[in-house]
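Student: I would like to go through this structure term by term. For each label, please set the value against its definition.

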Amino acid sequence: MGMDRLIRRFRLHLLAWLHKSRHVLIPGPILFVRYFSYKDIKKATDGFHRIIYTDSHRTAYKAKFQDGGVALVKEVRGFNQGKDVFYRELQLLGRLHHRHLLQLRGFSTGQKRLLVFDNVENGSLKEHLSDPLKTPLNWRTRLQIAIGVAAALEYLLLFSDPPMYHVSISSSSIMLDENFTAKLSEVGLLCSCEDYLTMPHASCSEECMAQEHGNIILQLGVLILELVTGQSSEKGGADLIQWIQGSCFASSMQRMIDPDLGNNYDSRELRNLLAVAKLCIKSRDKPMFSILHVLHYLQKKVDVPHA
């Protein structure tokens, strides 16, 4: 009865918030997601010590529950606007459905505000790029990851209502399922040029949205370089950006390719992939093209099934 009471209380809070909120309501059904007890999640994450990745706004943990279930749990910090934004995040994230996005399963509140997502069998992309005990990713899989991430970004920016402008793209936050399908795990309401937003497409200025879009394109470019070199980039990819923009890029290209690939890659596809990365990074300050153009170019130039 205790858990049922908590679930009912959450539903009432959400309905009350939707009723009195001055924000524009999001079209569609009200989402009711599963409530996880804070005690169970704390135990499943070994006292919040099973950290997968962390940044200034979120920390992700691996949770192993007593019934054998496994999940990815994210602690969400920085909600200056209180519960309203947390409920809104639940409502929005629960409606996102794409094969390259991690699916929301539920939530928990206590000392931390937590979002619970589907488990991913093969962990993060970073583990496969940096852990020598992991089976190296082959060339086809790396291409599919790049195209899958671009397809998820197309969905978030062009088909989500409202568009989701806070997307963190890195080898740490990209999860791989049992088939090594890429799953973006870091999506939310945060706009880097402001604070948490009540309605991104209404409150965020055109300048802010352009800045966010440019940042997303830049991150995609850095991710492509990580896939090619096998290097998990730190500090926003500054090292890889410096390499691809440097005068020695062409002469050092062969030396920078991930040794785990050996000679098992297509040279034409490699050049096309690096050309996309270079354009993405070049357009970070003033986006030269949309994510739709990037996705279509990748699908045209790289010989893998469309995501």
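Student: In what order do the six strands form the open sheet, and what is the pairing called?

Tutor: The order is E1-E5-E6-E4-E3-E2, and the pairing is mixed. Strands (E, at least two residues) and helices (H or I, at least four) are DSSP runs, numbered from the N terminus. Two strands pair if DSSP finds at least two bridges between them. This is a predicted model, in which local features need pLDDT of at least 70, side-chain atom pairs count only at pLDDT 80 or more, and totals for chains, interfaces and linings use all residues. Residues are numbered from 1 along each chain as its sequence is written, and side-chain values use heavy atoms, with hydrogens and water left out.

Student: What makes E1 and E2 the edge strands?

Tutor: E1 and E2 (51-54) each pair on one side only.

Student: How do you know that E1 (residues 34-35) and E5 (residues 104-109) pair?

Tutor: Two bridges join E1 to E5, and the definition asks for at least two. The two strands run parallel, and tyrosine 35 stands opposite phenylalanine 107 in E5.

Student: Which sense does the pairing of E5 and E6 (residues 113-117) have, and over how many bridges?

Tutor: E5 and E6 pair in the antiparallel sense over five bridges. Leucine 104 stands opposite phenylalanine 117 in E6, while threonine 109 has arginine 113 as its bridge partner. E5 and E6 form a hairpin, with three residues between them.

Student: Why are H5 and H7 called roughly antiparallel?

Tutor: The axes of H5 (residues 139-159) and H7 (residues 206-229) cross at roughly 170° and come within 10 Å. Axes are lines fitted to C-alpha atoms, for helices over the stretch in contact, and angles run from 0 to 180 degrees between N-to-C directions. Angles under 35 degrees count as roughly parallel, over 145 as roughly antiparallel, 65 to 115 as roughly perpendicular and the rest as oblique. H5 and H7 are therefore roughly antiparallel.

Student: Which residues in H5 and H7 meet?

Tutor: Contact means heavy atoms within 4.5 Å. Among the residues that meet are Arg142, Ile145 and Leu157 in H5 and His213, Ile216 and Leu227 in H7. The residues of this contact divide into eleven nonpolar, one polar and one charged. Ala, Val, Leu, Ile, Met, Phe, Trp, Tyr, Cys and Pro count as nonpolar, Asp, Glu, Lys and Arg as charged, and the others, Gly among them, as polar.

Student: What makes H8 roughly perpendicular to H10?

Tutor: The axes of H8 (residues 238-245) and H10 (residues 267-282) cross at roughly 110° and come within 10 Å. That makes H8 roughly perpendicular to H10. The contact includes Trp243 of H8 and Lys278 of H10; by class it has six nonpolar, one polar and one charged residues.

Student: How do you know that arginine 58 forms a salt bridge with glutamate 89?

Tutor: The closest N and O atoms are 2.6 Å apart. A salt bridge is a side-chain nitrogen of Lys or Arg within 4 Å of a carboxyl oxygen of Asp or Glu. Arginine 58 lies in E3 (residues 58-64) and glutamate 89 in H3 (residues 83-93), so the pair ties together parts that are 31 residues apart in sequence. A search of the whole structure finds six salt bridges.

Student: Where is confidence lowest and where highest?

Tutor: The lowest mean pLDDT (the predictor's confidence in each residue, from 0 to 100) is 46, in H6 (residues 200-203), and the highest is 96, in E9 (residues 182-184).
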